[in-house]
Amino acid sequence: MAQLGGTPIIIMKEGTQRTRGRDAMENNIAAAIVIAEAIRTSLGPRGMDKMLVDQFGDVVITNDGATILKEIDVQHPAAKMMVEVAKTQDSEVGDGTTTSVILTGELLKRARKLLEQKIHPTVITEGFRKAAEKAVEILDKMSIKSGIDDKEGLINAAMTCMGSKIVSESRAELAKLCMNAIEAVAEQIDGKWVVDIDKVQIQKKAGDSIDDTKLIKGIILDKEVVSPGMPKTIKDAKILLIQSAIEIEKTEFDAKLQITSPEQIQQFLDEEERMLRDMVNKIVNSGANVVICQKGIDDMAQHFLSKAEVMAIRRVKKSDIEKLSKATGGMIYTDFDDITPDKLGYGGLVEERKIMSDKWIFIEECKDPKAVVILIRGGTDLIVDEADRSIHDALCVIRDVVEDQKIVGGGGAPELEVAIQLRDYASTLGGREQLAVEIFADSLDIIPKTLAENAGLDQIDILMKLRAAHQKGNKFAGFDIETGELINNMMDAKVVEPTVVKIQAIKSSVEAASMILRIDDVIAGAKSAMPPGMPPGGGMPPGMGGMPGMGGMGGGMPPGMM
Ligand SMILES: Nc1ncnc2c1ncn2[C@@H]1O[C@H](COP(=O)(O)OP(=O)(O)O)[C@@H](O)[C@H]1O
Ligand SMILES: [Mg+2]
């Protein structure tokens with residue numbers, strides 16, 4: 001409410017809550033720090049997993065920062081922005097989500113101290129921006145060249161990324177499998193390697209163990225052969241892909257049939273049989289021995305197909321038919337009269353296999369070697385789901401290295417090296433910005449510190465040792481958490497990360513921290529009453545949704561605020 005000449009003017013709806021200035025900022029920073037603290041313990045190979053239970057009682061066990069934050073239903077707008085950090089990190093590079101959230105929390109924690117010293121938020125955000133720019137430069141320079149031909153680099157990066165997950169025991173096998181999958185789908189476009197990880201099909205089924213996870217060159221359909229009389233295995237398959245039903249079409253309108261004698265019924269049935277036989281003949285004459293149909297297949301047609309030793313699968317999704325067309329090189333037909341032998345698809349082996357209680361069709365050795373599936377197995381659904389997330393991360397990491405061609409040693413080494421070089425850089429700046437760059441550098445130390453802490457090691461001791469090693473010029477000096485040893489080059493310990501993951505973590509955390517630091521007014525609309533049982537929905541206050549477009553947030557504080 002504002003006052004104008006004694007008349008109150010109502011600006012906001014009744015029940016609207018408003019927090020301003022220092023209070024608003026304090027409040028936002030505190031919420032963001034709480035989120036960062038919550039996931040700190042899951043960083044690194046000795047990090048703990050979280051078990052999350054939603055309001056329906058469904059359980060997720062994970063170590064993945066983005067997943068944890070996605071599952072917990074946060075209410076506070078600033079906490080929601082932390083969730084966005086993880087999401088951005090996940091969608092951009094697929095790994096480093098925990099790192100980016102922890103870093104955001106630490107940046108804010110240290111910024112809070114500068115705010116207390118009456119340093120204006122815009123000075124801090126400007127310092128952060130400069131520091132981030134410099135950090136990217138340093139990371140680029142300290143990187144080592146890698147790429148699709150550097151198999152060891154790719155495998156080590158994938159293994160490092162899976163080291164912190166439940167699947168860690170099987171990661172050597174899984175890393176190789178992921179690398180083979182990426183190699184299969186990678187393409188060179190205008191001299192640059194490009195990987196679309198969506199081209200790697202993922203199928204999962206609880207049962208057996210993680211070690212039974214396989215890479216299959218081909219496609220899997222979760223369908224079974226339509227009739228038990230049909231062959232279950234076909235080698236050198238000539239595959240017919242058809243969109244129309246192998247049935248007699250029903251008329252669109254209700255037709256009345258006047259049948260006056262038993263002969264007429266017989267005639268009618270004979271005609272139907274003749275039409276179905278005709279369809280099947282057209283299929284068989286084309287040389288097809290596998291039929292994959294988007295619609296239904298009539299019982300009688302099934303019978304004729306069985307007699308001709310043709311395997312048939314019905315009601316296959318349109319998107320799967322399209323995938324099959326690409327993989328097998330087969331044309332998608334709609335009309336039986338058009339079928340020609342040269343446009344059938346090819347698969348070296350088409351087979352129905354039993355996976356636990358289900359039967360699935362495996363179409364292998366396809367024409368297109370880019371068709372690959374990872375069939376994930378594992379003791380329980382919980383494990384299979386976490387394995388799926390870990391394999392997704394590993395695929396992302398390998399893609400990152402193939403596309404960007406740069407890697408660094410991990411285990412806190414890059415953060416520590418950047419911190420050291422940033423402190424030198426800060427001293428060239430002077431003034432209040434120097435302070436902001438310095439706290440940025442100090443914030444980076446949180447990564448090696450947290451890794452050490454989670455491994456039960458002494459933080460300060462490790463930090464000192466690492467700094468000494470870096471000062472001697474070992475840019476990849478880090479701590480191998482698995483052995484507890486200080487290592488001058490983390491590459492030797494096979495702890496490797498894509499440079500883009502480190503760069504993106506810095507970019508996303510600076511963006512989020514700056515965004516939170518620029519907010520000095522939180523206006524929350526009155527909550528509408530919700531029917532009981534509804535999940536607590538949290539609409540963000542206007543203008544605060546999502547990370548993109550942060551440039552549009554009016555930064556700065558009104559004069560006299562501080
Ligand atoms: N064997 C290891 N020794 C030390 N640090 C490791 C090791 N393996 C992985 N790390 C580090 O763990 C961190 C990643 O942990 P992770 O839990 O996957 O978090 P994020 O979600 O940020 O990827 C990276 O800093 C990485 O270098
Ligand atoms: Mg990771």
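1. Two strands are taken to pair if DSSP finds at least two bridges between them; helices (H or I, at least four residues) and strands (E, at least two) are DSSP runs, numbered from the N terminus. Strand S18 (residues 406-409) and S21 run antiparallel and are joined by three bridges. Within S21, Glu497 is the bridge partner of Val408.

2. The model is predicted: local features need pLDDT of at least 70 and side-chain atom pairs count only at pLDDT 80 or more, whereas totals for chains, interfaces and linings use all residues. Residues are numbered from 1 along each chain as its sequence is written, chains are lettered from A and ligands numbered from 1 in the order in which they are written, and side-chain values use heavy atoms, with hydrogens and water left out.

3. Overall content. The chain has 16 helices and 22 strands. Of its 562 residues, 50% are buried (under 20% relative accessible area; exposed is over 50%, partly exposed in between; 1.4 Å probe, protein chains only). Among contacts (heavy atoms within 4.5 Å) between residues at least 6 apart in sequence, 74% join residues at least 24 apart.

4. The sheet around S18. An open, antiparallel sheet of three strands has the order S6-S18-S21. Its edge strands, S6 (144-145) and S21 (496-498), each pair on one side only. Helix H6 (residues 151-162) lies across S18 and S21 and runs at about 95° to S21. Helix H16 (residues 499-517) also packs on the sheet, touching S18 and S21, with its direction at about 65° to that of S21. These angles run from 0 to 180 degrees between N-to-C directions, the axes being lines fitted to C-alpha atoms, for helices over the stretch in contact.

5. Salt bridges. The structure holds 34 salt bridges, each a side-chain nitrogen of Lys or Arg within 4 Å of a carboxyl oxygen of Asp or Glu. The side chains of Lys502 and Glu497 form one at 3.1 Å, N to O. Lys502 is buried, at 8% relative accessible area, and Glu497 counts as buried at 14% relative accessibility. Elsewhere, salt bridges with shared partners link Arg423, Asp442, Asp445 and Arg467 into one network.

6. Two further pairs. Glu84 and Lys87 meet in a salt bridge at 3.5 Å, N to O; both lie in helix H3 (residues 77-92), three residues apart, about one turn of the helix. Glu84 counts as buried at 18% relative accessibility, while Lys87, at 41%, counts as partly exposed. Asp400 and Arg399 form a salt bridge at 3.2 Å, N to O, and both residues are buried.
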